[in-house]
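Here is a friendly note to read beside the model. Take the points in order and find each residue on screen as you go.

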Amino acid sequence: MKKENIRNFCIIAHIDHGKSTLADRILEKTGAISKRELKEQMLDDMDIERERGITIKLNAVQIKYKYNDEEYYLHLIDTPGHVDFSYEVSRSLAACEGALLVVDASQGIEAQTLANLYLALDNNLTVIPVINKIDLPNADLEKVIKELENIGFSREEIVLTSAKTGEGIDTLLESIIKKIPAPKGDETAPLKALIFDSVFDPYKGVVVSIRVVDGVVKTKDIIKMMQTKANYEVVGLTINNPKETSVEALSAGEVGYLSASIKSINHVKVGDTITLKDDPASIALPGYKEMKPMVYCGFYPIESNRFEDLREALEKLKLNDASLVFDPETSKALGFGFRCGFLGLLHMEIIEERIEREFNIDLIATSPSVIYEVLLTDKSKIIVDAPTKMPDRSLIAKTYEPYVKTSIFSPKEYIGPIMELCQDKRGTFINMDYLDESRVTIYYELPLSEIVYDFFDKLKSYTKGYASFDYELIGYKESNLVKMDILLNGEIVDALSVIVHKDFAYQRGKLVVEKLKEIIPRQMFEVPIQAAIGTHVIARTDIKAMRKNVLAKCYGGDVTRKKKLLEKQKAGKKRMKQIGSVEVPQEAFLSILATTDKK
Amino acid sequence: MKHCYIHIPFCQNICSYCDFCKVLYNEELVNKYLLYLEREINSIYKNDILDTIYIGGGTPSSLNVKQLDKLLKILTKLKQSKTIEYSIECNFSSITLEKLNLFKKYGINRLSFGLESINSKNLKILERTESKRQIIKIIELCKKLGFTNINIDLMYAIPKESIKDLQADLDFILALDVSHISTYSLIIEPHTKLAINRVNYIDEDLDYKMYQLICKNLADNYDHYEISNFAKKGFQSKHNLCYWQNKNYYGFGLGASSYIGTTRINNTKSLTKYLQDKYILNYENLTKNDIMSYEMILGLRLLQGINKDQFKEKYAKDIYDAFPIINNLLNKNLLVDDGNSIYIKEDKVYVSNEILINFIKE
């Protein structure tokens, strides 16, 4: 493979702007795959991804394309499209020389796209602006072209496509070849290959997606991971075109998969550099970061005898997901479970859904928490990633919570509601940029916990879905935090405790008890629900006692039907968790996220 | 086998709440139906001497005199014990002196009337018609003819019904001075007119208040012996007791259920199939554990509950060994053991499902 004929590129796009469909169309156009083989969105291979329209795991495909009698090798590297996965995005960008910036012709640029564009520019990528979905009846080409011009592209370089009809795909392939530079790099230098993804295969172990930057890697080579220091012998090298094909070697500029009987994903870190053990590179590739969970919550099996099954499920998911962390924890209310850490809320929801769907375990997820820092009166500092770990108030000197800088991207008519929302969420205004006369980016500093709570839902409802946002962690700030407990029938339910800002506790407590009253069905006796800080009750409501649950009618001796109705009731109860003497449905544990004051 | 249920699935009018097995009355269809009913009885009935026969519906009294005569003639094949309780369901609009005399002639000694309500607002929702005057006249006539065992069905918890409305219905029924009263809160069953029209249930608390009102009104003259049933002394429905006491019974006719040996059988609800002699829809063979489970969920509907000695005699097992969960339920005051029997107290009867599900296997 001639290095000059390789083009490594990725696609940057907001969710739903047609990234995967566009990738499919390129595969189809270049003959890499026939229309018949094309399951909608070939590159996303998990069900949940396809359903949610998000790409979670990356994928790299080699496409052969003849242009002016020269054979070109296009490596399309797929990237995740959600803010939870921005580090993974940055590493897959680093594996490329170019990027397609795909913008929906009817929606225009979104915050996410912009954030990833800046990431691409930081990585010195050549960016080709693409306006997709031009076939849509509500496409507003002029508006979107203006937006792209405002962020520095010229009208001439914009490629117009419709992934649906195939229009513009040829032009796009041509600009990829003409504009995106061929990879540089030195085949004779010591090996440097960037890990930008990994996947667990039950037969091969961890399969690593790599971009060779310098040197050559061959089968039987002994490789070394520069961060984790782990050594392995290369068992297989493959490319995906888009069927798996074995190759002898991968050299500078090439993208492919490496397997080396790697059993633990902990040895394979996205962003790490692979080199040869006997001829190591002196310095690793830049940009490596340890991925740290930002959000924690408890996962508990509804049926307590499924604890081991849950452990197995988490271990299996972890094989493919180094950013997922978990440790056993015990809750008085829920029994044995795991404290799990995630990159963000979406990541958490995806894992929860996969456990329920793929492993068939009914779960209770407790309300998500960020990581707080607490300075104790004895001057020592502790980390609190779960409300139950919050020390007694008498021992606390100061509390700190993580803050993020958010960029909110919106039509200007929503500036007012957005600022109101950010103010409500304890935000500090930083500044505001006009992208053009009608669009703004508003920058705010906000506590991460507010983002985790309901910021995204609120933002959508305050702006009728027009605003998008992105955030990055900027550090910790002092804050007046308290632990709010929820009591059912007079007993604290530890799994419902939550850490809140003191000024907001009363309002949150009221919302939560009301929501619980809605969710928890009537019991055989009246059940008070209280929210309390320490011993001070700040909100209360009561669930009335059950008055009626009886099969009154008897008809011609049809008692099998009566039994069936009772069986159905019994099955319904199985999905509830017995806490003390109260039966609580699983949704109750997320009621802490309850919001009713939607605009 | 000492008990037999006969189903007559014909009505002159279809009520909005009814999900029983019924069709609109059609003279020809009834004649044909009676032929097949006879065939079913002939093929299954084993000449047992019966303590109870219960003709239910639909509306058995909607048949004309000739058809009723034919039906009752067919049923003479069933051997009757000397103390037989022989019931038939009637409604006030179709009953006549001639029909009542016919019942007398064949030995029917218990009449069960679907009254449901006399409140015009309720009747409109239920899509029924009743005339107070006619009801009073017919009950008087029945008593004059010597029918001493009469049941009246009362329905409550009807949308928009008030406590006052229910009290008026109760006053009217109490004045009729019949031997047995069955009360049912309205159930909105799927596929009924009410369900299709998206009618909602009344408030749970109001429903319970109505139930309490009924218990209070009937307490002086009637014994509350089963969740929905009240009887004067000596007038409990022997036929219904056979269900609650988990006894065997025949069930003949469209949609009827029977319990023969250890098998529970449900007949088809399709008239077409029934008229092709394909009367069985499904059956369930019961294990001893199943039977004991039925014993509990049925027996605990009776206020007197389940006699511990009788249970032991029947199943050669102590009730506590069969269901250790009883101990928990006693501790939670959901069940009572008075030394002889285990029962649900009257104040918990209205939430009895919460208790009964403990006797259902997973």
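1. Two terms come first. Two strands pair if DSSP finds at least two bridges between them, and helices (H or I, at least four residues) and strands (E, at least two) are DSSP runs, numbered from the N terminus. With that in hand, look at chain B, where β15(B) and β17(B) (residues 341-343) pair in the antiparallel sense over two bridges. Within this pairing, B:Ile306 is placed opposite B:Ile342 of β17(B).

2. A word on ground rules. This is a predicted model, in which local features need pLDDT of at least 70 and side-chain atom pairs count only at pLDDT 80 or more, while totals for chains, interfaces and linings use all residues. Residues are numbered from 1 along each chain as its sequence is written, chains are lettered from A and ligands numbered from 1 in the order in which they are written, and side-chain values use heavy atoms, with hydrogens and water left out.

3. Back to the sheet. In what order do the three strands of this open sheet lie? The order is β15-β17-β16 in chain B, and the pairing is antiparallel. β15 (306-307) and β16 (336-337) of chain B are the edge strands, as each pairs on one side only.

4. β18(A) (residues 325-331) and β19(A) (residues 335-342) form it, with three residues between them. Their antiparallel pairing runs over seven bridges, and A:Ser331 faces A:Gly335 of β19(A).

5. Now see how the chains meet. Contact means heavy atoms within 4.5 Å; 43 residues of chain B are in contact with 27 residues of chain A. Buried area is the accessible area (1.4 Å probe) that two parts lose on being put together, summed over both. For chain B and chain A this comes to about 3600 Å², with 56% of it on carbon and sulfur atoms.

6. Charged pairs link the two chains. A salt bridge is a side-chain nitrogen of Lys or Arg within 4 Å of a carboxyl oxygen of Asp or Glu. The count over all chains is 47 salt bridges, and the count between chain B and chain A is nine. One of the salt bridges joins B:Asp207 to A:Lys548, at 2.8 Å from N to O.

7. Which parts of chain B touch chain A? Elements that each supply at least two residues to this side include β1 (3-8), α8 (204-218) and α11 (288-299) of chain B. The largest share, five residues, comes from α15(B). Ala, Val, Leu, Ile, Met, Phe, Trp, Tyr, Cys and Pro count as nonpolar, Asp, Glu, Lys and Arg as charged, and the others, Gly among them, as polar. By these classes, the side of chain B that touches chain A has 21 nonpolar, ten polar and twelve charged residues.

8. A:Arg547 forms a salt bridge with B:Asp205, the closest N and O atoms being 3.8 Å apart. A:Arg547 lies in the loop between β31 (536-543) and α12 (559-574) of chain A and B:Asp205 in helix α8 of chain B, so the pair joins two chains. Buried means under 20% relative accessible area, exposed over 50%, and partly exposed in between (1.4 Å probe, protein chains only). At 30%, A:Arg547 is partly exposed, whereas B:Asp205, at 14%, is buried.

9. Salt bridges also occur within a chain. A:Glu583 and A:Lys573 form one, with the closest N and O atoms 3.0 Å apart. A:Glu583 sits in strand β33 (residues 582-585) of chain A and A:Lys573 in helix α12 of chain A, ten residues apart. Are they buried or exposed? Both A:Glu583 and A:Lys573 are buried.

10. In chain B, B:Asp277 forms a salt bridge with B:Arg39, the closest N and O atoms being 2.4 Å apart. This pair links distant parts of the chain, 238 residues apart. B:Asp277 is partly exposed at 30% relative accessibility, and B:Arg39 is partly exposed at 43%.

11. Finish at B:Leu186, in the loop between β8 and α7 (193-196) of chain B. B:Leu186 counts as buried because its relative accessibility is 2%. Leaving aside neighbours within four places in sequence, B:Leu186 has contacts that include B:Tyr17, B:Leu126 and B:Tyr201.
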